[in-house]
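Open the model in your viewer and keep the selection tool at hand. The tour goes from one selection to the next and says what to look for at each stop.

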Amino acid sequence: MPEVIFNGPAGRLEGRYQPSTEKNAPIAIVLHPHPQFGGTMNNKIVYDLFYMFQKRSFTTLRFNFRGIGRSQGEFDHGSGELSDAAAALDWVQSLHPDSKSCWVAGYSFGAWIGMQLLMRRPEVEGFISVAPQPNIYDFSFLAPCPSSGLIIHGDADKVAPPKDVQGLVDKLHTQKGITITQKTIPGANHFFSNDADVLIEECSDYLDRRLAGELADPRPKRLR
């Protein structure tokens, strides 16, 4: 897959990019875990999510947030990383103006950034949020959550305790017009140490069902 460097708000950003052969294919962006705790775009789960979208003919991008790998800048506690994600989506869209829709997938810290991105970008029609951390990060901005998506986590996660994730899911379930699908993987920790394959199988099944028109309420598309 091509290595790419594109302009971000704090300097150049390093990514891996795989364009679809289909002109109007949807775009997928995959966001990595916390930069200060070893998170990079080469995290196995991030890579596997990237490949999952790529296999389904999405135009796909994963990239390093500022200050990681060859990406310039310094860690900015979320606000700068959100700007990085928006710049990454802008960059892909500039290359694929015929793409009408987008998905965002994020893992841990990346899930928090991804869900903020979908609040700002009406073309994001689906999300996959892996092991979000509502015990650490504020998700109150999801008011209301604009897109249907998957929240998937392990029941042995000590970093993002299941009861906290359940609270987030319960809050989102009260909203009309979207469908939140929750999957809990028995025995899985925050890193899916022995369960990465199960995680990707569940995410792939969800994506396939969404692409077949399931698991989302039909609704008017938001205007960009």
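Begin by selecting two sets of residues: Ile-45, Asp-48, Leu-49, Met-52 and Phe-53 in helix H1, and Leu-199, Ile-200, Cys-203, Ser-204 and Leu-207 in helix H5. The two sets are in contact, where contact means heavy atoms within 4.5 Å. Helices (H or I, at least four residues) and strands (E, at least two) are DSSP runs, numbered from the N terminus. By type, the residues of this contact divide into 8 nonpolar, 1 polar and 1 charged. Here Ala, Val, Leu, Ile, Met, Phe, Trp, Tyr, Cys and Pro count as nonpolar, Asp, Glu, Lys and Arg as charged, and the others, Gly among them, as polar.

Before going on, note that this is a predicted model, in which local features need pLDDT of at least 70 and side-chain atom pairs count only at pLDDT 80 or more, while totals for chains, interfaces and linings use all residues. Residues are numbered from 1 along each chain as its sequence is written, and side-chain values use heavy atoms, with hydrogens and water left out.

**The H1 and H5 pair**

Two packed helices are described by the angle between their axes and the distance between the axes. Axes are lines fitted to C-alpha atoms, for helices over the stretch in contact, and angles run from 0 to 180 degrees between N-to-C directions. The crossing of H1 and H5 is right-handed. A crossing is left-handed if the near helix is turned anticlockwise from the far one by less than a right angle, and right-handed if clockwise.

**The H2 and H3 pair**

Select helix H2 (residues 79–95) and helix H3 (residues 109–120) next. Their axes are 9 Å apart, and the helices pack at an angle of about 60 degrees, which means that H2 is oblique to H3. This crossing of H2 and H3 is also described as right-handed. On the H2 side, pick Glu-81, Leu-82, Ala-85, Ala-86 and Leu-89; they meet Phe-109, Ile-113, Gln-116, Leu-117 and Arg-120 in H3. The residues of that contact divide into 7 nonpolar, 1 polar and 2 charged.

Stay in H2 and select Trp-91. What does Trp-91 contact, leaving aside its neighbours within four places in sequence? Val-4, Phe-6, Tyr-17 and Leu-61 are the residues in contact with Trp-91.

**The loop between E6 and E7**

Tyr-137 is in the loop between strand E6 (124–130) and strand E7 (148–154). Is Tyr-137 buried or exposed? Tyr-137 is buried, with a relative accessible area of 14%; buried means under 20% relative accessible area, exposed over 50%, partly exposed in between (1.4 Å probe, protein chains only). Not counting residues up to four places away in sequence, Tyr-137 touches His-34, Phe-109 and Trp-112.

Move along the loop between E6 and E7 to Pro-144. The peptide bond from Ala-143 to Pro-144 is cis, with omega near -5 degrees. Most residues other than glycine have a negative phi, and most peptide bonds are trans.

**Two positive phi angles**

Ser-57 lies in the loop between H1 and strand E4 (59–63). Although Ser-57 is not a glycine, it has a positive phi of about 65 degrees. Ser-57 is partly exposed, at 27% relative accessibility.

Then go to Leu-215, in the segment after H5. Leu-215 has a positive phi of about 65 degrees and is not a glycine. With a relative accessible area of 22%, Leu-215 is partly exposed.

**An exposed glycine**

Gly-187 lies in the loop between strand E8 (180–185) and H5. Gly-187 is exposed, with a relative accessible area of 53%. Show Asp-155, Ala-156 and Asp-195 as well; they are in contact with Gly-187, leaving aside its neighbours within four places in sequence.

**The cysteines**

How many disulfides does the structure hold? The structure holds 0 disulfides, a disulfide being a pair of cysteine sulfur atoms within 2.5 Å. Select Cys-145: the nearest cysteine sulfur, that of Cys-102, is 14 Å away. Cys-145 is buried, with a relative accessible area of 3%. For Cys-203, the nearest cysteine sulfur is that of Cys-102, 16 Å away. Cys-203 is buried, at 0% relative accessibility.

Terms used: Parallel < 35°, antiparallel > 145°, perpendicular 65-115°, else oblique.
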